[in-house]
Amino acid sequence: MNGKKERYQEAALTLGTVILFAAMVWVLWAYVPRREVRFVLLAGCAGILALTAVRRALVRRQVAEFSGRICEILDSLIAGEPGRWPYVYEDSLTSKVQGKLLQFYDIADEARKVSGRDKKIIQELVSDISHQVKTPMANIRMFTGILKEHDLPEEKRRQFLETMEGQIGKLDFLMQSLIKMSRLETGTFVPL
């Protein structure tokens, strides 16, 4: 869509230039009586038009070279090769944009590394919590088995139930920690 719009603008600019040049030629022929003066003015206008066209072509070439260099820099950054384009210490637009792109790359790369470290820490914590869940579960199973199979005095029975309640509290804490870790990992929970 933009390419089509640019072509229409280019055609309109060219048509406008041709119409303006034709109008100037008509004005010169209609209002300048001396033939030599007409040709000098016409040559001057043609020279100005030619210089403008040459200048425009040079600017287009510079823009194409600039965008080509920037695309090469971006391609190397996307490929993960920031060292391929060392800082160029010159006062040019390309080196300024290159410097900013390399700064952005460094910031994004550091954020990626931090995110990776955070993810690894969360995975280690989840693994640790999962391992810690086994002990309270084993204790609860053991005390449940004892309570089912043996006829214990009321005092011992209450002691086992209190111990089981403590183990259930540990399990609840570990499960809540796992839920928080999961929410941290998915980004739905932000720690204070």
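This is a predicted model: local features need pLDDT of at least 70, side-chain atom pairs count only at pLDDT 80 or more; totals for chains, interfaces and linings use all residues.

Trainee: Which geometry do Trp26 and Tyr31 form?
Mentor: Their ring centres sit 6.1 Å apart. The planes make an angle of 90°, so by the cut-off of over 60 degrees the label is edge-to-face.

Trainee: Are Trp26 and Tyr31 buried or exposed?
Mentor: Buried means under 20% relative accessible area, exposed over 50%, and partly exposed in between (1.4 Å probe, protein chains only). Trp26 and Tyr31 both come out as exposed.

Trainee: Which nonpolar patch do Trp26, Val27 and Tyr31 form, and what is its accessible area together?
Mentor: Patches take residues with over 30% relative accessible area and no salt bridge, joining like charges within 9 Å and nonpolar side chains (Val, Leu, Ile, Met, Phe, Trp, Tyr) within 5 Å. Val27 has a relative accessible area of 38%, so Val27 is partly exposed. Areas come from the Shrake-Rupley method with a 1.4 Å probe, and for residues only the protein chains shown count as cover. The patch of Trp26, Val27 and Tyr31 is on the surface, and its area together is about 380 Å².

Trainee: Where is the place of Val27?
Mentor: Helices (H or I, at least four residues) and strands (E, at least two) are DSSP runs, numbered from the N terminus. Val27 falls within residues 2-31, which is helix H1.

Trainee: What parts does the pair of Phe143 and Phe160 tie together?
Mentor: The Phe143 and Phe160 rings are tilted, 5.0 Å centre to centre with 40° between the planes. Both Phe143 and Phe160 are buried. Phe143 is in residues 93-149 and Phe160 in residues 154-186, so the pair links parts 17 residues apart in sequence: helix H3 and helix H4.

Trainee: Which helix gives the most to the lining of the second largest pocket?
Mentor: A pocket here is an open set of points on a 1 Å grid over the protein atoms alone, where a 1.4 Å probe fits, with protein on both sides within 12 Å along at least five of seven lines; lining residues have an atom within 4 Å of a point. This pocket's lining includes Glu10, Leu13, Leu49 and Arg56. H1 and helix H2 (35-78) each supply at least two of the lining residues. The top contributor, with 5 residues, is H1.

Trainee: How many salt bridges does a search of the whole structure find?
Mentor: A salt bridge needs a side-chain nitrogen of Lys or Arg within 4 Å of a carboxyl oxygen of Asp or Glu. Glu65 and Arg61 make one at 3.4 Å, N to O, and a network of salt bridges links Glu10, Arg56 and Arg60. Over the whole structure the search gives 9.

Trainee: In the salt bridge of Asp109 and Arg112, how far apart are N and O?
Mentor: Both residues lie in helix H3, 3 residues apart, about one turn of the helix. Asp109 counts as buried at 16% relative accessibility, whereas Arg112 is exposed at 53%. Their N to O distance is 2.4 Å.

Trainee: What separates the C-alpha atoms of Lys119 and Leu184?
Mentor: Lys119 is in helix H3 and is partly exposed at 45% relative accessibility. Along the chain, Lys119 and Leu184 are 65 residues apart, yet their C-alpha atoms are separated by 9.4 Å.

Trainee: And Leu171 and Lys134, how far apart are they in space?
Mentor: Leu171 lies in helix H4 and is buried, with a relative accessible area of 13%. Leu171 and Lys134 are 37 residues apart in sequence, and C-alpha to C-alpha the distance is 9.2 Å.

Conventions
Residues are numbered from 1 along each chain as its sequence is written. Side-chain values use heavy atoms; hydrogens and water are left out. Rings of Phe, Tyr and Trp (its six-membered ring) pair if their centres lie within 6.5 Å; planes under 30 degrees apart count as stacked, over 60 as edge-to-face and the rest as tilted.
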